[in-house]
Amino acid sequence: MFARVDPRYVALLSLSIVFLALVKAQETGLDTCTDVHIFLSRGNNEPYPGRQGKLVQAICSGLASCDYEDIVFDNALTTEYCGAVEAGREAGIEQITAYNKRCPDTKLVVSGYSQGAQVVGDILGGGGGVFFQGCTTPTVTGLDPNSAPANKIAAALLFGNTRHTANQSYNTLAGASINGLFPRSGQQLAGLDNFAGVLRDWCQGDDPVCASGDGKRTYNVQDHLNYFDLYSGAAGEWVKSKLGETTTSSSSSTTASSSSSTTASSTAATSTTSRISTQNSTATATSTLRPEVTISSSSASPTATSGSQPEGGTEIVRCSKSYIGLGVFIWLLLMAV
């Protein structure tokens, strides 16, 4: 007899196309400072940089000096969710602090998607609590917005946020008035509110992660997958408005170089490419879902506005369709118990 499994974990198995093997995090060169520097925190099981590659391109397009780096943490399916969030929070603070010390005049942008949005939210507002499968993260405070490095954060973006909290001034889209799976409260919400002037939380109304509400609504998983297909342009313009920049049609150089590597999950045939292809999956759900549900594919890696690719490609693994079938089979099996 099979044991009962958290339906959000079942959804993880049924809807996720498994990303496998080695990926490389992108980092700015050690001696390089740019006018604008973006930190990305990717969704669960995504390769670097994940779907947010399109967002980087939208932000950096038209800027003379702009680059990005990935917040480095292992968030493979096999990694405990809370352990990954805490590792991302610690790495993010370390990376942001180190960059600011090296480049104190650079304007910083931080962005997180799904699980990565929880990481960014915890960096800014503090973290702690009980999450998927009863895992816990420690109670910690967020960055001080009045001192370095946080006072150099010009814009912060959250997409499909697991900890989306209804009716905040920085919320946008149809999910603005709906709670996510694990809404913030108390000091953690107050800590995030300290960044309200530079923060925007993007949540679509049918997103099962950031707009889960009472868990009894009808959801469209695609609305958790397509943020960067639909809103990268608008988000990029908003970031530029916070940077005090105006859009230009000229082609400017954007720098990006590759450095440290980190591992994701499992094994399969591998291929190496400098561009990550997008292959979204769709599904509807009527129960609350774990964000790993959504990490079914990757997005295009950011390209320089001059048309060149970032130095050093991102290694990814193209998964077989058989993994999708296996996930559906497991889902049906578990739902039958």
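**A helix pair and its surroundings**

Analyst: Helix α3 passes helix α4 in a right-handed crossing. The model is a predicted one.

Start with the geometry. Two packed helices are described by the angle between their axes and the distance between the axes. Here, α3 covers residues 81–102 and α4 covers residues 115–125. They pack at an angle of about 50 degrees, and their axes are 9 Å apart. That angle makes α3 oblique to α4.

Now the contact itself. On the α3 side are Tyr 81, Ala 84, Val 85, Gly 88, Arg 89, Gly 92, Ile 93 and Ile 96. They meet Gln 115, Gln 118, Val 119, Asp 122 and Ile 123 of α4. By type, the residues of this contact divide into 7 nonpolar, 4 polar and 2 charged.

Next, the core. The largest nonpolar core has 35 residues. Phe 39, Tyr 81, Val 110, Ile 123, Leu 124 and Ile 153 touch the most other members. At least two residues each come from α3, β4 (107–113), α4, β7 (153–159) and α5 (186–193). The largest share, 7 residues, is supplied by α3. In soluble globular proteins, nonpolar side chains tend to be buried together.

Beyond residues up to four places away in sequence, Leu 124 touches Gly 142, Leu 143, Ile 153, Ala 156, Gly 191, Leu 192 and Phe 195. Another core, of 30 residues, lies apart from the largest one. Among its members are Val 56, Ile 178, Leu 225 and Tyr 227.

Move on to Gly 125, also found in α4. Gly 125 has a relative accessible area of 6%, so it is buried. Leaving aside neighbours within four places in sequence, Gly 125 is in contact with Gly 142, Gln 187, Gln 188, Gly 191 and Leu 192. Asn 194 is 69 residues from Gly 125 in sequence. In space, their C-alpha atoms are 7.7 Å apart.

Just after α2, Gly 62 takes a positive phi of about 90 degrees.

Methods. Residues numbered from 1 in each chain as written. Predicted model: local features only at pLDDT ≥ 70, side-chain atom pairs only at ≥ 80, totals over all residues. Heavy atoms only, no water. Axes fitted to C-alpha atoms, helices over the stretch in contact; angles between N-to-C directions. Helix = DSSP H or I, 4+ residues; strand = E, 2+ residues; numbered from the N terminus. Parallel < 35°, antiparallel > 145°, perpendicular 65-115°, else oblique. Left-handed = near helix turned anticlockwise from the far one by under 90°. Contact = heavy atoms within 4.5 Å. Nonpolar A, V, L, I, M, F, W, Y, C, P; charged D, E, K, R; others polar. Core = buried A, V, L, I, M, F, W, Y, C linked by side-chain atoms within 4.5 Å. Buried < 20%, exposed > 50% of the residue type's maximum accessible area, 1.4 Å probe, protein only.
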